[in-house]
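Here is a briefing on one protein chain. Keep the sequence and the 3D view open while reading.

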Amino acid sequence: MPFRLKKKTGLPYASKATYQGAETHVMYGCRHDAHTAMLLVVAKALAANKDKIAGTVVFLFQPAEEGRADVDNFSPEHLIGSPKMIADGTLNNPEPEVIFGMQVMAGMPSGNILYKDGAILNSADYLGIQMKGKQVQGSMPWLGRDPIYASSQMINNMQSLVSRKADLTKGMDVVSIGCIQGGTTGNVIPDQVNIVGTIRSNNEDVRQGILKDLPKMIERNVAANNVTATVEIVSYTPMTTNDKTLTRLMQPTLAQVNGEDKLHGLDNNASSREDFSYYGQLMPSLFFFVGATPADQTWPKLHLTITLYLWSIMRS
C-alpha cells in the first residue's frame, strides 16, 4: 500500500485522495518516477539499435504493484499488479523466455548494483483478525469479555510460532502486527478489536508452517479468553527467487556494463516483498537492486518498489 504521508513539496499536484474509502494523504515515496524514466530511456536506446538485437525485447509497465486505492487488500477476488497483468495476457504474445526486474534502493550507494542468486526478497501474506467480546465498564471487567486483553495475549503468542515452532535452520519468518483498532475511551472495555498484520518469509516450508499453525493458535487463544474471532489470511506474494543459472550468466554482463568494483553480491536476501515473483514462477528470472544514495547523503533503507520490468526473448 502507499505510504500514507503528507507530501510537503507545496506543489499543486501533491497527492490527496481517498484510500479504501477514507480521505487521506496518499504520497507514494517509492521512486516509481525514476523507474519509469529509466525504462523509457532503455526502450529508446534499444529501439534505436534494434537491428543489432538478435531477438525481441518487451517492456512492461505495470500498475498497482503495492495494491489499489479502491481495493481492499483482503479482497482476493480482485486481481492487481502482476497477477492481473498475467491474467490479461501480458505474457502471451510474444511469449517470453526470461524476465529481468530492477529496483532502485535508498541506503545503497549510487552507481552500485547488488544481486543474489536464489531468494532475494521475502514472501508476504496479509493477516486480519476481528476479535469480538462483550462491552463493559472498565471498573467491572468480570461482567464482560475483554477482546483487548485477549488480543494482547494473542500477539505475544504469535511470536512463539517463529521462535519455538519454525525450523529456522531452513530460513526466517516474521509475524508483525501493524494496526490495532479498538475502543473509544479509557474506562470502557470495547466489544470489538480489529488487528491487521503481515507475515514474511524467505523459505516456503517455514512460510507454510506458520500459515498452518497461526489459525490454530488464534483459535485456542480465543477459547481461553471466552471471545470469538474471525480470521483472514490472504497470500499476497510468494518469494522473489532468482534463477541460479541466469544469475551466473548475467554476472559478467553486469560487471562489464557497471564496473567490477561496483557489482556486489548480497549475503542475505532483503526483507521486503515484490510481486515480480509471480513472473518468476513462470520463467527464469533475475531481479537486482541499483543504489540510489549519493555519497554525501544518508537515507533510510525504504522499501522502494518497482512497477516495470524488462524481459528479452532471444532466438537463434
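**Briefing**

Pro94 sits in the loop between helix H2 (81-87) and strand E4. Helices (H or I, at least four residues) and strands (E, at least two) are DSSP runs, numbered from the N terminus. The peptide bond that joins Asn93 and Pro94 is cis, with omega about 0°.

This is a predicted model: local features need pLDDT of at least 70, side-chain atom pairs count only at pLDDT 80 or more, and totals for chains, interfaces and linings use all residues. Residues are numbered from 1 along each chain as its sequence is written, and side-chain values use heavy atoms, with hydrogens and water left out.

**Overall make-up**

- The protein chain has six helices and 16 strands.
- Of its 316 residues, 41% count as buried. Buried means under 20% relative accessible area, exposed over 50%, and partly exposed in between (1.4 Å probe, protein chains only).
- Take contacts in the protein chain between residues at least 6 apart in sequence: 81% of them join residues at least 24 apart. Contact means heavy atoms within 4.5 Å.

**The nonpolar cores**

- A nonpolar core is a set of buried Ala, Val, Leu, Ile, Met, Phe, Trp, Tyr and Cys residues joined through side-chain atoms within 4.5 Å.
- The largest such core holds 21 residues, and Met154, Met158 and Leu214 have the most contacts inside it.
- Strand E7 (123-132), helix H3 (147-165), strand E11 (192-201) and helix H4 (204-224) each give two or more residues to this core. H4 gives the most, with seven residues.
- A second, separate core has 14 residues, including Ile99, Met105, Tyr279 and Phe289.

- H3 has 19 residues, which should span 27 Å at 1.5 Å a residue; its end C-alpha atoms are 25 Å apart, which agrees. The expected span is 1.5 Å times one less than the number of residues.
- Asp146 caps the N-terminal end of H3, with a side-chain oxygen 2.9 Å from the backbone nitrogen of Ile148. A polar contact is a pair of N or O atoms within 3.5 Å; within protein, one must be able to donate a hydrogen and the other to accept it, and residues adjacent in sequence count only if both atoms are side-chain atoms.
- The buried residues of H3 are Pro147, Ala150, Ser151, Met154, Ile155, Met158, Leu161 and Val162. Their cover includes E7, strand E9 (173-182), E10, E11 and H4.
- Beyond its neighbours within four places in sequence, Met154 is in contact with Ile129, Met131, Ile195, Met217, Ile218 and Asn221.
- Asn221 belongs to helix H4. Asn221 is buried, at 6% relative accessible area.
- A polar atom of the Asn221 side chain lies 3.5 Å from the backbone nitrogen of Met154.
- Leaving aside neighbours within four places in sequence, Asn221 is in contact with Ala150, Gln153, Met154 and Asn157.

- Eight of the 11 residues of E4 (residues 99-109) are buried, so E4 is largely enclosed by the rest of the structure.
- E4 pairs with strand E15 (residues 285-293) in the parallel sense over eight bridges. Two strands pair if DSSP finds at least two bridges between them. Val104 stands opposite Val290 in E15.
- H5 (residues 244-258) has 15 residues and reaches 20 Å from its first C-alpha to its last, close to the 21 Å expected at 1.5 Å a residue.
- At the start of H5, a side-chain oxygen of Asp243 comes within 3.2 Å of the backbone nitrogen of Thr245.
- Leu246, Thr247, Leu254 and Ala255 are buried in H5. Among the elements that cover the buried residues of H5 are E4 and E15.
- Just after H5, Gly259 takes a positive phi of about 100°.

- Asn226 lies in the loop between H4 and strand E12 (228-237). Asn226 is not a glycine, yet has a positive phi of about 55°. At 53% relative accessibility, Asn226 counts as exposed.
- Val188 is in strand E10 (residues 188-189). Val188 counts as partly exposed, at 27% relative accessibility.
- Val188 and Pro141 are 47 residues apart along the chain, and their C-alpha atoms are separated by 9.1 Å.
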